[in-house]
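The following exercises concern a predicted model. Please work through each task before reading its solution.

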Amino acid sequence: KTTDMRKLASEYARRINNKTEFNEIMDYLDKAFELKNITLVVLGLEIIRNKSEYLEASLLVKVKPWIPSISDWAVADGIAIIITGSLLEKGLISLKDLEFLKRHPNVFGRRIYITSMVLPIRKDTCDINLFLSEIEIYISDKNKYIYKAVSWVLREGIKKFKMQISCYVEQHSTE
């Protein structure tokens, strides 16, 4: 099913030739979130994944209203990797721009904040010490979605930042 969804998204994305058409997909995502239809949301995110050259910082205005309706970790991670993480990785936004997610009442908003760091870590386009200081507030959080997000960031980080991650884990071993 995921393979079919990605194939459909890829075929549709090939038809997008300009920023206006890309913005229509963002409007489509607004409607998909409003309808709370996860399948349509995932399809829209996959289309965006294929057209990341049109991503810009102003898209955060679109993302903000989606957060309260997210009730699925896969959707949260899709937003984090495809949109917010890509914007971070490209240097179009900073963690300060995602501050509204840091203590969001919806656990999936907080998860997006954390998992947005994964792509910049993978691409080695981050200040790992800043990222580690940012996830520190979540270290003792027992919510499985937060705990797993922090673990994901640390697992990704160990691949390129072994010394910093090792020291960080040792420093927080009792927590």
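**Exercise 1. Determine where glycine 78 is placed and whether glycine 78 is buried or exposed.**

Solution. Step 1: glycine 78 belongs to helix H5; helices (H or I, at least four residues) and strands (E, at least two) are DSSP runs, numbered from the N terminus. Step 2: the relative accessible area of glycine 78 is 13%, so glycine 78 is buried. Here buried means under 20% relative accessible area, exposed over 50%, and partly exposed in between (1.4 Å probe, protein chains only). Step 3: with neighbours within four places in sequence set aside, Leu45 and Ile83 are in contact with glycine 78, contact being heavy atoms within 4.5 Å. Step 4: valine 41 is 37 residues away along the chain, yet its C-alpha atom is separated from that of glycine 78 by 9.4 Å.

Two conventions apply throughout. Residues are numbered from 1 along each chain as its sequence is written, and side-chain values use heavy atoms, with hydrogens and water left out. Because the model is predicted, local features need pLDDT of at least 70 and side-chain atom pairs count only at pLDDT 80 or more, whereas totals for chains, interfaces and linings use all residues.

**Exercise 2. Describe the surroundings of arginine 111.**

Solution. Step 1: arginine 111 is located in helix H7. Step 2: its relative accessibility is 6%, so arginine 111 counts as buried. Step 3: beyond neighbours within four places in sequence, the contacts of arginine 111 include Ile146, Ala149 and Trp152, which are also listed among the buried residues of H10. Further contacts of arginine 111 include Trp73, Ala76 and Asp77.

**Exercise 3. State what phi lysine 36 and aspartate 124 have, and where each lies.**

Solution. Step 1: most residues other than glycine have a negative phi. Step 2: lysine 36 has a positive phi of about 55°, and aspartate 124 has a positive phi of about 60°. Step 3: lysine 36 lies in the loop between helix H2 (19-35) and helix H3 (38-49), while aspartate 124 lies in the loop between H8 and H9. Step 4: lysine 36 counts as exposed at 61% relative accessibility; aspartate 124, at 46%, is partly exposed.

**Exercise 4. Summarise the fold: how many helices and strands are there, and what is the radius of gyration?**

Solution. Step 1: the protein has eleven helices and zero strands. Step 2: its radius of gyration, taken over C-alpha atoms, is 16 Å, close to the 16 Å given by the globule rule for 175 residues, so the protein is as compact as a globular protein of that length. The rule is 2.2 Å times the number of residues to the power 0.38. Step 3: of the 175 residues, 47% count as buried.
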